[in-house]
Structures are given as C-alpha cells and as structure tokens.
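Here is a briefing on a single chain fold, grouped by topic. Please read it beside the sequence and the model.

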Amino acid sequence: MASSRRLRALITNDDGIDSPGLWALARGARDAGFDVVVAAPHVDASGVGASVLSVRDGERTRLHARELPGLDGIPAFAVEGHPAFIVHSAGRGWLDPKPDVVLSGINVGSNVGHAVLHSGTVGAALTASLHGWRGLAVSLDTVWPPPEQPGWDAALHVLPEVLDVLLSGPDGLVLSLNVPDLPIADIGPLREATLAPFGAVRIRVDQRTGDEGDALHSAFIEVEPGEAGTDIALLAEGHPTITELQPVTARPGVLATR
C-alpha cells in the first residue's frame, strides 16, 4: 500500500450509476479521506455475479462522464458494462493511478449466505482481489420492495470501523458488510458472521403456458433466519455483519481420494 499519497478508492455497484446508495458510499469514502473515483453500470446490473460482460461496439465499450449529487469534483462514469468488467478494466490500463481499494454498493437489499455468488456487488469486490486490491461489498438489509428512503446513514455509520479492518488486512482481502436498515440508535454492535446455507430468499420457478407460449414464472420465498451466528440470523437480531470472502481457489488432492 502506498504511504506517500492518499489511497485511491474505486466506487462501483450493481444497482447502477443512478442509485443513491452508490452516491452515499462515494461520500462515505470521500469523508474517510480516500481519493475517490466512481464508475458504475449505466443501467441496473443486479444478479450478474462476477460477469465481465459489456455492451461492445467492436472493441469499444462506451462510457459516459457524469456529475453526481453531492459529489462535486469527483470524477464519475456510467459504463456500459457489468461491475466486475469495470473493476477489471480499472486494473488493465483504464485508470491511472489504479485504485488501492474497491468499495462496492451500497446495495439495495442484503447480500447474505452462499447466494453471494450471484451478487454483482460482491462480484466487483472479489474481482478486486484478482488485482491484489482490497475489496469491500456493502449492502443494506431493506424490506422488499425497498422504502423510498432507505437508511443509507446506517451503513455509513458502520463504514469507518469496517474500513479500519479492511485496511489493516493483507492485500487482496475481500469483506462483505451487511447492515440492517434501522435507525442508528437501534443498530447493534458489528459482528463477524458465517454464511447462511443459501440466502435471505429463495426463488421458486414454474413453467406456465399462455397465449404467448411457454414462460418461466418466478416467485420469492422468504427464508427463516436459521442457525445462530449466520449473517441472516445476526441481521435479524439488529447486528451489522462482516464476513471475509475468498476468491476462487483450487483445492489439491482430488485424485488422492480415489
């Protein structure tokens, strides 16, 4: 990590450039002393995981300079690509200087359990680790559909403590932070959490036949908080949760068991 300059933070998300949660996270990073640049998908890209898909015109992916509310003087771009594509591009020559950390969010809705595999918010943070950068995914555990004014301040209240953990860790560290959408006075202490078996909701998919042919219809099914100490259970108790995530790794010995 550089010590003679301010650390640079790339702020991204999967809800898109027009998400107030993104703007809030950028303000939080700025207030924490980072040199901030914002780059996020031009449209909602929720659920894309670590996809590096972009809208290509030959070898080009379009980006659009933006001015964001409350972020005067901070460079910001809407990119026609997924969050992990944005992070990967930052490490392959686009941004100079490159970021030291990637902060992704604030996501509308929690990212919990092993279902974080599907999250574009988490995918961006994990992609940061491939470049040796620290990554943090920040999510707000809102009701669904979300309220008109989610409690971004709740997440920003916890952010400084979590940034201290992130910056004191090794290069490539990836953390996932989930914060309950509660008044700050009602938020419990930060707790380290294990991942629940799946996620906060499951989706049931049925095939139906109608006038326009066959289609798959999805319906959300809520999941019970489950085992104590998991991210879902601790959030239900009012605790912000932090979990270290690991990028894809190889496990040796698969042939030794034969």
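Helix 2 has 12 residues, yet its end C-alpha atoms are only 14 Å apart. A straight helix at 1.5 Å a residue would reach 16 Å; the expected span is 1.5 Å times one less than the number of residues. Helices (H or I, at least four residues) and strands (E, at least two) are DSSP runs, numbered from the N terminus.

This is a predicted model, in which local features need pLDDT of at least 70, side-chain atom pairs count only at pLDDT 80 or more, and totals for chains, interfaces and linings use all residues. Residues are numbered from 1 along each chain as its sequence is written, and side-chain values use heavy atoms, with hydrogens and water left out.

- The buried residues of helix 2 are Pro83, Ala84, Phe85, Ile86, Val87, Ser89, Ala90 and Gly91. Buried means under 20% relative accessible area, exposed over 50%, and partly exposed in between (1.4 Å probe, protein chains only).
- His82 lies in the loop between strand 6 and helix 2. His82 counts as buried because its relative accessibility is 18%.
- Beyond its neighbours within four places in sequence, His82 is in contact (heavy atoms within 4.5 Å) with Pro41, Ala45, Val48, Ser51 and Leu53.
- His82 and Leu126 are 44 residues apart in sequence, and their C-alpha atoms are 13 Å apart in space.

**Second largest pocket**

- The second largest pocket holds about 440 Å³ of space. On a 1 Å grid over the protein atoms alone, a pocket is an open set of points where a 1.4 Å probe fits, with protein on both sides within 12 Å along at least five of seven lines. Grid points are joined across faces, edges and corners, and a volume is the space filled by probe spheres set on the points.
- Its lining has 19 residues, each with an atom within 4 Å of a point. Leu117, Leu126, Gln246, Pro247 and Val248 lie nearest the centre.
- Helix 2 (83-94) and helix 3 (120-130) each supply at least two lining residues. Helix 3 gives the most, with five.
- The lining divides into 12 nonpolar, seven polar and no charged residues. Ala, Val, Leu, Ile, Met, Phe, Trp, Tyr, Cys and Pro count as nonpolar, Asp, Glu, Lys and Arg as charged, and the others, Gly among them, as polar.

**Nonpolar cores**

- The largest nonpolar core has 39 residues, and Ile11, Val38, Leu103 and Leu136 have the most contacts inside it. Such a core is a set of buried Ala, Val, Leu, Ile, Met, Phe, Trp, Tyr and Cys residues joined through side-chain atoms within 4.5 Å.
- Elements that each supply at least two residues of this core include strand 1 (8-12), helix 1 (20-31), strand 7 (101-108) and helix 4 (152-168). Helix 4 gives the most, with eight residues.
- Another core, of 13 residues, lies apart from it; Val37, Ala39, Val79 and Ala90 are among them.

**Val101**

- Val101 lies in strand 7. Val101 counts as buried because its relative accessibility is 0%.
- Leaving aside neighbours within four places in sequence, Val101 is in contact with Arg8, Ala9, Leu10, Phe34, Arg134, Leu166 and Leu167.

**Cis peptide bonds**

- Most peptide bonds are trans.
- A cis bond joins Asp96 and Pro97, with omega about 5°. Pro97 lies in the loop between helix 2 and strand 7.
- The bond from Trp144 to Pro145 is also cis, with omega near 0°. Pro145 is in the loop between strand 8 and helix 4.
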